[in-house]
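Biologist: Can you put the model up? I have some questions about it.
Modeller: Here it is.

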Amino acid sequence: MSLVELGRYDRNLANIIVARLDSEGIDAIAFDGATSIVEGSWLLIPVRVMVDEGDLPAARAIVDAA
């Protein structure tokens with residue numbers, strides 16, 4: 001399993017995307033969300049949404065359709 005970046009989003013949107021992908025059976029994780037809170041700039045530091053390389057096309061289709 002190799003993780004690839006789906007995209008970079010604000011913290012709230014990243015968590016919504018992870019939940020949406022999960023509802024479609026695609027495992028996803030939001031990286032850097034906690035770092036942005038610790039740094040005190042959660043609105044400025046983008047959160048990376050990562051998915052398995054094999055799930056990337058399906059995940060992009062879901063995000064693009066939204």
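Predicted model: local features only at pLDDT ≥ 70, side-chain atom pairs only at ≥ 80, totals over all residues.

Biologist: Where does Leu3 sit, and which nonpolar surface patch is it in?
Modeller: Leu3 lies in strand β1, residues 3–9. Together with Met1 and Ile29, Leu3 makes a nonpolar surface patch of about 340 Å².

Biologist: Stepping back, what is the pattern along the chain?
Modeller: The order is β-α-β-α-β-α, with three helices and three strands.

Biologist: And how much of the chain is buried?
Modeller: Of the 66 residues, 29% are buried. The accessible surface is about 4,200 Å², and carbon and sulfur atoms hold 54% of it.

Biologist: Which residues of the largest nonpolar core touch the most other members?
Modeller: Leu6, Leu21, Val49 and Val51, in a core of 14 residues. At least two core residues come from each of β1, α1, β3 and α3. Helix α1 gives the largest share, with four residues.

Biologist: Take Val49. Buried or exposed?
Modeller: Val49 counts as buried because its relative accessible area is 0%, and the cut-off is under 20%. Val49 belongs to strand β3.

Biologist: What does Val49 contact beyond its sequence neighbours within four places?
Modeller: The list includes Val4, Glu5, Leu6 and Gly7, as well as Ile17, Val18 and Leu21.

Biologist: How many of the chain's contacts join residues at least 24 apart?
Modeller: The share is 66%, counted among contacts between residues at least 6 apart in sequence.

Biologist: On to α3. Which of its residues are buried?
Modeller: Leu56, Ala59 and Ile62, in a helix covering residues 56–65. Viewed down the axis, these buried residues fall within an arc of 125°, so they line one face of α3.

Biologist: Why would residues spaced like that point the same way?
Modeller: An α-helix has 3.6 residues a turn, so residues three or four places apart point the same way.

Biologist: What do the buried residues of α3 pack against, and what is exposed on the other side?
Modeller: They pack against β1, α1 and β3. Pro57, Asp64 and Ala65 are exposed on the other side of α3.

Notes:
Residues numbered from 1 in each chain as written. Heavy atoms only, no water. Patch = residues over 30% accessible without salt bridge, like charges linked within 9 Å, V, L, I, M, F, W, Y side chains within 5 Å. Areas by Shrake-Rupley, 256 points an atom, 1.4 Å probe, with all protein chains shown as cover. Salt bridge = Lys/Arg side-chain N within 4 Å of Asp/Glu carboxyl O. Buried < 20%, exposed > 50% of the residue type's maximum accessible area, 1.4 Å probe, protein only. Arc of directions from axis to C-beta. Contact = heavy atoms within 4.5 Å. Core = buried A, V, L, I, M, F, W, Y, C linked by side-chain atoms within 4.5 Å.
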